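Hi there,

Here is the structure I promised to pass on. Have a look at it first, and my notes follow below.

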Amino acid sequence: MAEVKDSSILIQDVETKNIMTKSTLPVGGYSVNPYVGCTHSCKYCYASFMKRFTGHTEPWGTFLDVKHWPAIKNPQKYKGQRIVIGSVTDGYLPQEAQFQNTRKLLEQLRGSEAEILICTKSDLVIRDIDLLKKLGKVTVSWSWSINTLDEDFKNDMDHAVSIKRRLDAMKQVYDAGIRTVCFIAPVFPGITDFEAIFHQVRNQCDLIWLENLNLRGGFKKDIMDYICKKYPDLVPLYDAIYNKRDRSYFRGLEDQAERLAKENNCPFVDNELPYGRAEPGRPVIVDYFYHEEVRGSENTGRRNPKK
């Protein structure tokens, strides 16, 4: 495929020798990204640092490289391994409907006996429910990022599908017997109401992950400017957290999450990834606050030493 301009998105092909990359994510295993770039254009995107490795001069969110890789000939190589699809992109971007890279990847992992975790903000995933049921001895979990129930705030932050569409897709996947995750991330101080989200999703997911908003790099100023403009009352709180490194707000949220779990008879764990399906209505709440403390820990329940 030649270089193509799709609306405001530059799309081109790119060859890669190996689609699998060893992961330093808290969940460990391998990371697989069927695309380079992400057209959701999230204002808080931590993956935007990847731009410097791409050769692109366009702003992050305005280009997409469609990967082409040698077919996975021996999927059993990944038996017992965790494979995360979409660590620095979304495997179900709108363009996936055309290029079908993620579906191709899943077909190549048929019979691998791997544990596949798919991270997304899309409802295109329901297209592949049929495929997932044919993967053989493969454990699949689908994770949706939902950090608000306010569509206006969501629209300020990203170009992905609506929260309602994400919730509807989550329920369809859950009802199909596939383990689902509601990833409440990033938690925006003073804005994200994770208790309201919990009550919205508790009957259609097995796990609820919590991760705080990290502000670093070029997007820190963008978010701080946004808070100043739209939520001026929160400026002192954001200054305390992101300029003075005050952790008391998120420590308080950890306590709040643990209380919420106890009040609703839900398990609460720190930096772990329990297996299996949760009891209906009682999802496991997982504390992933402070990414730097859990990065590379492979869900051992231990945290890295604070720097």
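Phe 153 counts as buried, because its relative accessibility is 1% (buried means under 20% relative accessible area, exposed over 50%, partly exposed in between, with a 1.4 Å probe and protein chains only). Tyr 226, at 11%, is buried too.

Before going on, please note that this is a predicted model, where local features need pLDDT of at least 70, side-chain atom pairs count only at pLDDT 80 or more, and totals for chains, interfaces and linings use all residues. Residues are numbered from 1 along each chain as its sequence is written, and side-chain values use heavy atoms, leaving out hydrogens and water.

Now to the rings. The whole structure holds 15 aromatic pairs (rings of Phe, Tyr and Trp, the last by its six-membered ring, with centres within 6.5 Å; planes under 30 degrees apart are stacked, over 60 edge-to-face, the rest tilted). One of them joins Tyr 44 and Phe 188: the centres are 5.8 Å apart and the planes at 70 degrees, so this pair is edge-to-face. Both residues are buried. Phe 153 and Tyr 226 make a tilted pair, with 6.2 Å between centres and 50 degrees between planes. That pair links helix α4 (residues 151-157) to helix α7 (residues 219-230), 73 residues apart. Ring pairs join Tyr 44, Phe 153, Phe 188, Tyr 226 and Tyr 231 into a cluster.

As for the chain as a whole, 55% of its 307 residues count as buried.

Best wishes

Notes. Helices (H or I, at least four residues) and strands (E, at least two) are DSSP runs, numbered from the N terminus.
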